[in-house]
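Student: Could you walk me through reading a protein model? I'd like to start with how the chain folds back on itself.

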Amino acid sequence: MPTDIVRYLTHPQVQIDPAVPVPQWGLSPVGRARTEAVARAGWLAGTTQIISSGERKAIETAEIIARPPGIMIEIREAMHENDRSATGFLKPTEFEQVADQFFAQPDISVRGWERAADAQARIVREAEAVLSRNRPGDVLFVGHGAVGTLLFCRVAGHPIDRRHDQPAGGGHVFAFTRETRQILHGWRRLEEMGT
């Protein structure tokens, strides 16, 4: 009997606009093109549920992928990225430094950000709520890099550590079996799936 696969996909590149709150950023033309290129990919053929974070960039990614098979996406607001509203937009160098601290000190709120331990508990709770429904078929979660990494760490049995983070650029996928929660593969670029 085939095993149902659970995949977590991070949205690809976004349109960065410091004047717009980060959760409202949409996909950039590059991010949209990358998503459209894999929307009909064979590795998604067994997918029966597509669950998205409530952030615009994740919803846009999920909608593009859900269109060819005609799957209705389910939006779960609590699957959002780690709450960084305390600092708002940070320039890339500063952002990377704070993100390093976020992962290195999971029980501390770095500059007012949501603690990594809390973000992990939240994303695991959301994923488990969906998976406990036991609907047949593969599940695709569409979300974000930091909480995706925190979910990966939990499923893989690793302590929270940024060395498990997706590579830069977004648009990466990791997968595990639904029944045994065994990691099938770590982060892979969208374009490498099915190869």
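Tutor: Let's begin with contacts, meaning heavy atoms within 4.5 Å. Among contacts in the protein chain between residues at least 6 apart in sequence, 65% join residues at least 24 apart. Keep in mind that this is a predicted model, where local features need pLDDT of at least 70, side-chain atom pairs count only at pLDDT 80 or more, and totals for chains, interfaces and linings use all residues. Residues are numbered from 1 along each chain as its sequence is written, and side-chain values use heavy atoms, leaving out hydrogens and water.

Student: How many helices and strands are there in the protein chain?

Tutor: Helices (H or I, at least four residues) and strands (E, at least two) are DSSP runs, numbered from the N terminus. Here you get five helices and six strands, in the order β-α-β-α-β-α-α-β-α-β-β.

Student: What about phi angles?

Tutor: Most residues other than glycine have a negative phi. N134 has a positive one, near 55 degrees, and R181 has a positive phi of about 55 degrees too.

Student: Where are N134 and R181 found?

Tutor: In loops: N134 is between α4 (116–131) and β4 (138–143), while R181 is between β5 (172–177) and β6 (183–189).

Student: Are N134 and R181 exposed or partly exposed?

Tutor: Buried means under 20% relative accessible area, exposed over 50%, and partly exposed in between (1.4 Å probe, protein chains only). N134 counts as exposed because its relative accessibility is 58%; R181, at 25%, is partly exposed. Buried residues make up 49% of the 195 residues in the protein chain.
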